[in-house]
Amino acid sequence: MHIVVCVKQVPDTKVIKINPKTNTLDRRGVPSIINPYDAHAVQEAVHLKRQHGGKVSVLSMGPPQATAVIKKSIEIGADEGYLISDRAFAGADTLATSYALTKALEKISKTSPIDMVFCGKHAIDGDTGQVGPGIAKRLDIPPITNISAITKVTKDYVELQRKLQDGYAHIRSTLPCLITIEKEINEIEYAPFPNMLKAVNYQPVVWSIDHLEDVDRKQLGLKGSPTVVGKMFAPPKQEGGHRLEGTPEEQVVQLVEVLKEKQYLFHFNKG
Amino acid sequence: MPEKFDVIVVGAGPAGTSCAYQCAKNGLKVLQIERGEYPGAKNVMGGVLYKQQLEEIIPEFWKEAPIERPIVEQRMWLLDEESAMTLGFKGRAWANEASYNNFTILRAKFDQWFARKAQELGVTLINETVVEECLVENGKVIGVRTDRPEGEVLADVVVLADGVNSLLAKQLGFHQDIEPAQVALTVMEVLKLPAETINERFNIEDGQGCTIEMFGDSTKGHLGTAFLYTNKESLNIGVGATLSSIVKEKIKPYELLEYVKNHPIVKPLIQGAEEAEYLAHLIPEGGYHAIPKLVGDGVIVAGDAAQLVNGIHREGSNMAMKSGSYAAEAILLAKQKGRFTEEVLAIYREKVYESFIGQDLKKYKDATETLENHPQYLKEYIPMMNRAARAFFTVDGTSKREKQKGIFNMFMERGKIRTVQDMYRAWKVMK
């Protein structure tokens, strides 16, 4: 079984700030990390490899320093990594990104046919969740999003648990397919030492635009990106609200009063 | 079968990286293992880096290393509650590249840079990994076991540069538990302040730095010191006291730091600065007597792990780097001989003891203990000196001779014999 995991390098949004004057992201001094959902996707692929054999490849698009997320994937247990890196890819939105990644996937599958493509459910910087389904559409394979468990894998189909708003759906899909991964699917394991050693000096296969085949350059990068960001703003700060004062006993009495007043907010079974 | 290297260096601080750098430079296959997220992530010092020992490793390093300011002035303050006797040296020579003496640095940046230089020479650096024990076979260290799955890795020689509380050296029986009197707990803050404000307040220019060491009331008379150093756009302010006095006197280190920050002599210098970072670390202060066994079959102990810190002159990172260099020299010799035994590696111990490291630590071997057992130096004499200075410099119609007599009597209040004893003892431990 050959699984290719698409991974993205993102700014660590835990430490990112929005400049209140310009409404743009202030990236100064913000560390770059592997998109956390992608890390879980790599981990899941490594689990499957352990059970069913095969190979895990990772693919990323980005500047040369995105090699770091491929190294991180090698630490988790991926076997090999590909980085597509070219100025022609820069400024891509989800449409152009999925096009470029598809071209790379097609090239990878020529030497080693792909059974499944994994993506994180979305990237924490853009939050769109569109690249995965975009790739599936272009490859003409089923996209199954928000997967919280892989319950069965055979050589013809997989059974998956898909997370919905208020429940789960059990899905069977033919192979090959593309799935996008939820964090709850696994815990990232503490990487084995030999993986750390392999990762530290690992150099991925790097492809520029000239390495990819049958590429329509108009569909790449900024040129191939119809998305226009109209406006960016930080959400307004929450106003103070009502603060209960007094001894704990007094506060409890007040709190119960407030809850009684607002009981229409709750779906209590009054039976 | 675990992978095998020529050298495993545990720790990516000044000692470890110095050793790894020089081993790799001479063609050895080196693995360096760091527990922090990156080198420097867990390392703390007041912030003074001396030039000499690093320049021997990387000539003209200051041209590319992330240094903050070359130091042109060193001040020493003997603090009373609301006054200070000051002493210091400022020299233009120290502002010239050719005669730089030392620099302020921020460890998180500096250690990363130094480790990267070693990586460029081929050192394999693994972060976020804890070495749990040395692998020992027939009394010889043959590698280490990390906390990761399949975590064993082998080497001809293991260098323990794992810091002040070297659990690895302890496991090997090289030292006992560290006594509370042999380590200082230092807490410090990085305070952000614009460069121009720093220049004005400390009377320096861009590219010039100033250090202030504070004794006496800065630790409320407990055994320890406080410091205030200038970075490019921030100040490092910290205070350290021996663990034993912290325990005995029930001091809360962060309260002590707040006390220093609000001291009337210190406060104007840091006013309006924004607190950017808070750090704490143990500093080895045991000196000469605390130096553990330094070599064994297949193993060398360097830097803080070997307790190589001169607390009196706040030197440590230079000794760490020098010990790392000596370790590398010993390893290269052993490689040549094809034997990594204690007997061959013993050249490391000789070099450490014969160099300024051993000499200086020997010079002050009883200083910490003496100050610990005789708190009057910090608690009584410093306030007395402040009173004496105030009396002497206050013009109030008393003749100078009368003033001198008064000051002499002030010092003899403790009793002539005791005072003479105290002076003799101080001279003896410092000579």
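The model is a predicted one. Once neighbours within four places in sequence are set aside, the contacts of A:Val5 are with A:Asp38, A:Ala41, A:Val42, A:Ala45, A:Val56, A:Val58, A:Ser73, A:Ala78 and A:Phe118.

In chain A, nine strands form an open sheet with mixed pairing, in the order β11-β10-β9-β12-β8-β1-β6-β7-β13. From one strand to the next, the twist averages 35 degrees. Strand β6 (residues 55–61) and strand β7 (residues 80–84) of chain A run parallel and are joined by five bridges. Within this part of the sheet, A:Met61 stands opposite A:Ile84 in β7(A).

Helices of chain A pack against these strands. Helix α1 (residues 36–52) of chain A touches β1 (2–6), β6, β8 (116–120), β9 (143–153) and β12 (177–181) of chain A. The direction of helix α1 of chain A makes about 150 degrees with that of β8(A). Helix α4 (residues 131–139) of chain A lies across β8, β9 and β12 of chain A, and its course is at about 80 degrees to β9(A).

Over residues 22–215 of chain A, the model has 32% helix and 29% strand, and the end C-alpha atoms of the span lie 37 Å apart. In chain B, the UniProt annotation "FixC-like C-terminal", a domain feature also from an unreviewed entry, covers residues 368–431. Residues 368–431 of chain B are 80% helix and 0% strand, with the end C-alpha atoms 14 Å apart.

Between the two chains, nine residues of chain A are in contact with 11 residues of chain B. The side of chain A that touches chain B consists, by class, of eight nonpolar residues and one polar residue, with no charged residues.

Technical notes: Residues are numbered from 1 along each chain as its sequence is written. Chains are lettered from A and ligands numbered from 1 in the order in which they are written. This is a predicted model: local features need pLDDT of at least 70, side-chain atom pairs count only at pLDDT 80 or more; totals for chains, interfaces and linings use all residues. Two residues are in contact if their C-beta atoms, placed from the backbone, lie within 7 Å. Ala, Val, Leu, Ile, Met, Phe, Trp, Tyr, Cys and Pro count as nonpolar, Asp, Glu, Lys and Arg as charged, and the others, Gly among them, as polar. Helices (H or I, at least four residues) and strands (E, at least two) are DSSP runs, numbered from the N terminus. Two strands pair if DSSP finds at least two bridges between them. Axes are lines fitted to C-alpha atoms, for helices over the stretch in contact, and angles run from 0 to 180 degrees between N-to-C directions. UniProt positions are given in the numbering used here, feature names are shortened, and annotations may be inferred rather than shown by experiment.
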